[in-house]
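Me: Hello! I would like a close look at a single part of this protein, with its surroundings for context.

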Amino acid sequence: MQTVFSAVLPDVPAAAGIWLILLAVAAVAVAALVVRPDRFRLAVARRFRDAALPDDRERTEQDREHTRYAEEVAVAADRAGTTASRLRAEWLATQDEVESAWTALESAEAHLRRLAAAAAMPLPHTGQTPAEYADRERWLHRAAEEAHRRGELSDAQLDDALAHRAGWDPRRHPVEQELVLRRATRDHLAARHRAAVAREQAAWRAADLAGAAARSLRDEAFAARERRPERAESVLPMTDSPRPSAEATRENPTVARGRAAVAAY
């Protein structure tokens with residue numbers, strides 16, 4: 001036992017000194033945490049933030065991808081704008097076609113009313129001879145062909161007139177034949193006007209959709225040019241500024257004034 005005590009006792013003061021030093025370091029660290037907790041928190045947060053955020057190479061790649069996307073959207077917006085302009089021009093052209101078809105239809109209606117009033121009067125008597133029938137047939141064919149060249153008769157109507165079908169009768173009086181011709185003209189022009197209206201409506205829908213797509217792409221291109229890749233924020237606060245006190249928050253309430261902005265198109 002004397003040998004053991006003689007071997008251990010000389011080392012006790014050194015061990016006690018080491019423990020006292022460790023206790024002092026721990027006490028200083030605890031005191032620093034109690035007095036300045038923000039410094040330690042900021043240091044730890046900065047380490048976590050540096051480890052979590054992408055490095056400069058990754059940020060450069062993100063910027064490059066964002067720039068490429070913005071350029072592609074801008075090109076798509078330009079193409080959509082060109083398409084919208086072309087479809088709008090086509091729509092305006094169909095409006096002109098509708099107006100022209102309506103004017104022709106009104107003229108045909110007016111001519112038909114005048115001719116119907118004239119046909120109500122007694123027709124002059126002509127001799128029913130083969131020569132008279134040949135003259136009436138030639139007049140009917142010539143009138144139908146001229147109306148077809150003016151666009152007043154369709155191909156099917158011309159075939160019926162030349163074949164003496166669907167009410168086309170060369171034996172009738174020329175006034176009656178003219179009345180049949182004007183009615184057929186009125187029907188054809190009315191059908192052409194309906195077709196022009198249908199084309200105008202379809203062109204308007206196409207132009208409207210193209211315009212909406214162009215506006216959407218233009219807005220997206222503008223937003224892409226203004227927007228930059230977002231930087232990830234640390235989950236730990238990194239601000240060194242003190243938080244506002246509850247008293248200051250109560251003394252300075254935030255009051256919203258005015259109306260919210262509304263996007264206008």
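Which residues are buried in H5?

Reply: Happy to walk through it with you. This is a predicted model, in which local features need pLDDT of at least 70, side-chain atom pairs count only at pLDDT 80 or more, and totals for chains, interfaces and linings use all residues. Residues are numbered from 1 along each chain as its sequence is written, and side-chain values use heavy atoms, with hydrogens and water left out.

In H5, the buried residues are Glu132, Arg136, Leu140, Ala143, Ala144 and Ala147. They line one face of the helix, because they fall within an arc of 100 degrees when seen down the axis of H5. That arc is taken from the directions from the helix axis to the C-beta atoms. In general, an α-helix has 3.6 residues a turn, so residues three or four places apart point the same way. Here buried means under 20% relative accessible area, exposed means over 50%, and partly exposed is in between, with a 1.4 Å probe and protein chains only.

What does this buried set pack against? Its partners are H6 and H7, where a contact means heavy atoms within 4.5 Å. On the face turned away from the buried side, H5 carries the exposed residues Pro130 and Arg149.

As for its dimensions, H5 covers residues 130-149, which is 20 residues, and reaches 29 Å from its first C-alpha to its last, close to the 28 Å expected at 1.5 Å a residue. The expected span is 1.5 Å times one less than the number of residues. After H5 comes Gly151, with a positive phi near 85 degrees.

Further along, the loop between helix H6 (155-163) and helix H7 (174-226) holds His164. His164 is not a glycine, yet its phi is positive, about 60 degrees, and this residue is partly exposed, with a relative accessible area of 30%. Ala166 lies in the loop between H6 and H7 as well. Its phi is also positive, about 55 degrees, although Ala166 is not a glycine, and Ala166 is exposed at a relative accessible area of 65%. For background, most residues other than glycine have a negative phi.

Stepping back to the protein, there are eight helices and zero strands, counted as DSSP runs (helices H or I, at least four residues; strands E, at least two) numbered from the N terminus. Buried residues make up 21% of its 265 residues. Among contacts between residues at least 6 apart in sequence, 79% join residues at least 24 apart.
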